[in-house]
Amino acid sequence: MQILKDIYLVSGLPYGFHPNAYAVKGRNAVVLIDCGLDERDLAAIDTNLQYWGLADLPISHLLITHAHFDHTGNAFTLRKRGLLTVAGPGDAEGIARGDDRTIRYAYGQSFPACDIDITVQDGDVLNAAGLAFDVIHVPGHSSGCVLYRLVLDKRVILFTGDVVHVGEKSDMARLGWNGAVDYDRAAYLCSLQRMAQLHADVILAGHYQPCLQDGYKVLQNAYMRGLMELR
Ligand SMILES: [Zn+2]
């Protein structure tokens, strides 16, 4: 499903899957953001890349928002195709080891561990397929959660993973799951406070629907929710 010019939802809610995965068309290559849980999500990703005419381009990078299984389960398989994997501090190590930071215990199966080619830090700019993704480290939901910020056609697009989801109304937020081994309530609230200061037009989260306008309102509402729920 095309969301914006050059941005596609390739797996997720409209296809009957819980975790979202996005594709961004860059210069002569595609960048994926998260990659779903299992082979069914991967089949949806491949089908949609084909449908939207992106399958002829190489996938240059897989940008991982955080280590959780439902966002990273296909990283190992995709990396074998030749792309570079990218993840935040701590979570990169969890994915490479396949340890409990992937929340494998929530799925009752072993995680397909995947080497991470590029570990990004707060403030990094990741250049992929001719696109510049700003990296913002927002620990809490996991220790190495990162946001990827991209400016396309003068719109600020924020890939928020599970740190902030869009609520039932497009200016409302939902917060992420609190069952991870490295979940940190205080850090999460600090991250939400920081995010409430960010400008964003578009919020593309790890679950649920997108917000395509005034995305900063979702971030502000997320901090309000955090103040009520996380203290
Ligand atoms: Zn998560």
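Guide: Two residues are in contact if their C-beta atoms, placed from the backbone, lie within 7 Å. Helices (H or I, at least four residues) and strands (E, at least two) are DSSP runs, numbered from the N terminus. Axes are lines fitted to C-alpha atoms, for helices over the stretch in contact, and angles run from 0 to 180 degrees between N-to-C directions. The model is predicted: local features need pLDDT of at least 70 and side-chain atom pairs count only at pLDDT 80 or more, while totals for chains, interfaces and linings use all residues. Residues are numbered from 1 along each chain as its sequence is written.

Seven strands form an open sheet in the order 1-2-3-4-5-6-7, with mixed pairing; two strands pair if DSSP finds at least two bridges between them. Strand 1 (2–4) and strand 7 (118–119) are the edges, each pairing on one side only. Within the sheet, strand 3 (residues 21–25) and strand 4 (residues 30–33) run antiparallel and are joined by four bridges; A23 has L32 of strand 4 as its bridge partner. Helix 1 (residues 39–51) lies across strand 2 (7–11), strand 3 and strand 4, at about 145° to strand 2.

L32 also belongs, with Y22 and I203, to the residues with the most contacts inside the largest nonpolar core, which has 62 residues. Such a core is a set of buried Ala, Val, Leu, Ile, Met, Phe, Trp, Tyr and Cys residues joined through C-beta atoms within 7 Å, where buried requires 20 or more other C-beta atoms within 10 Å of a residue's own. Leaving aside residues up to four places away in sequence, Y22 touches I7, Y8, L9, V10, I33, F159 and L204.

Key:
Buried ≥ 20, exposed ≤ 12 C-beta atoms within 10 Å, placed from the backbone.
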